[in-house]
Each structure stands twice: as structure tokens, then as C-alpha cells.
Amino acid sequence: MTIYFCIMFFIIGTIFGSFYNVVGYRLPKGESLLSPGSHCPNCNHRLSPLELIPIFSWLLQHGKCKNCKGKIALFYPIFEASCGFLFMLCYLVFGLSLELIIALTFTSMIIIVVLTDYYYMIIPDEVLIFFIIALIVEIYLIFGLKTLGLSLLHAILAFGVMFLLKIFGDKMFKREAMGGGDVKLMFVFGLVLGAPMTVVSIFLASILGLPISLILMHKKRGEEIPFGPYLSLGALIVFFLQLDLDTLISLLTFY
Ligand SMILES: [Zn+2]
């Protein structure tokens, strides 16, 4: 049975993923999410429903537009497959539980944030506000008011920690070391992961981000590198491993 659900969540993930790509690409530009429908960037050919099927349409058309034979980036099927994989992972970690709803919401936000940060180096307030409201409602309905209150406290704490890090970083590097979006993103991380695990995810992000950033900085001198994707990766690791303070302390004191 598990395997059927895995396949189902994978497919749902690819469908949502192809929509999130539209959101991540169009929302920061202030474009409508619904019209015009998806089209080939090369020849403006409007995609038919058959051409919109995630991954498969790309494979069937050998990565080319049906109309102009222009190349369609490999990024699309890889991105859609990654979304499918993340949705499947949500199911595998949380099962068919109420928490699964929170997991899918949180993962969806991370996917969109990574995209907008990657495309435009911004994390739009609209995205954060939408998901903060969705998560607050979900936490309240699933866990009740007491848990929600505690979660909000963690969110404010996580935001505060990142805000201090930003002030410190800006002073140290004498320029904006971190975007405001990254700081606001920590509010959502705090809400879902709790403040201590948010700090762990920031730490993970720095470890993961530093070597990659150094390589990229060398290649594209002077260009800024978004920190959001690393923060998101750190958060996903913490989230899917379901790390908590007790596990972490026992892991660290074991050695
Ligand atoms: Zn085309």
C-alpha cells in the first residue's frame, strides 16, 4: 500500500511543482498566475494540456518545443521531479496524519522561496504572508491554541536571532550581508521547527553554503549569492530528520 501512496504523492508533487514554478517566476514580476496560460518562451506557442504533463511531456518531446523545436531547459523536469520527491518524502516521514498537511504546506513554501530567491534574489512578502497565515490556521486546527501560542513565541525568537545576526553581519562586512527576506523567513522556520532547530538549520546552511558560495564567488566575481536556498536546505534536513534538541544533545554528548 505504501508504494501506491508514494507514487500518488510523487505525482501530486510534480503537478504542484509545475504550478509553483509559474508562481515563483511570475509573482515577483507582478504577473497574473493564471493568464496567459503556459507558453513556449521561444515562440509563444500556447501549451496544450498534453504538453503540460510534468516530466512526461518533456520526455515525450525529447526536451523540445512541439512547435518551434526550441530547446526546453532540463531544469523543468528536474525541478518537477524534485517537488515530487519532496512530497513523497513528506508522506514517508509523516504518514497519512494531520501533520502531513503542515509538512506539505511548509515544503511548498520552501520550494517557492528557493525559486524566487534563485530567479530574482528576493523572497516576496506575499508568499511569506500567505504561508504564515496558512500554517497558523493549520497549527491551531490540528494542535489547538496552546501549541499555536508556543509556536508563535518560537517564531518571534527565531526571527529575533536572525535579525541580530543580520545587524552583526552588516556591520562586519560593511554592506548588507543578508536580505530582509531571509530574516522574515526565519519567522516561518521558528513557527514550524521551533527556535532551537531554526538556529541549527541556520548553522547547517552556513556549513553547506560556504564552500559552494566560495566557488560561485570565484566564478562570478562581485555578484551576490542568495542565502535563501541554503537556509531552506538546512531547514528541510532538520525537518525531515525530525531533529529535536534532545536528540541533538544526546548525539553530541555521545562522542
Ligand atoms: Zn516554441
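The domain assignment, which is automatic or taken from a database, divides the protein chain into domain 1 (1-96) and domain 2 (123-255). The structure is a predicted model, in which local features need pLDDT of at least 70 and side-chain atom pairs count only at pLDDT 80 or more, whereas totals for chains, interfaces and linings use all residues. Residues are numbered from 1 along each chain as its sequence is written. Taken over C-alpha atoms, the centres of domain 1 and domain 2 are separated by 27 Å. Four residues of domain 1 are in contact with five residues of domain 2, where contact requires C-beta atoms, placed from the backbone, to lie within 7 Å. On the side of domain 1 that touches domain 2, there are four nonpolar, no polar and no charged residues; nonpolar covers Ala, Val, Leu, Ile, Met, Phe, Trp, Tyr, Cys and Pro, charged covers Asp, Glu, Lys and Arg, and polar covers the others, Gly among them.

Helices here are DSSP runs of H or I with at least four residues, numbered from the N terminus. The buried residues of α1, which include F9, F16 and Y20, pack against α3 (75-94) and α4 (99-120); a residue is buried if 20 or more other C-beta atoms lie within 10 Å of its own, exposed if 12 or fewer, and partly exposed in between.

L165 belongs to helix α6 (residues 145-173), and L165 counts as partly exposed because it has 18 C-beta neighbours inside 10 Å. Although L165 and V183 are 18 residues apart in sequence, their C-alpha atoms are 9.0 Å apart in space.

Technical notes: Helices (H or I, at least four residues) and strands (E, at least two) are DSSP runs, numbered from the N terminus. Two residues are in contact if their C-beta atoms, placed from the backbone, lie within 7 Å.
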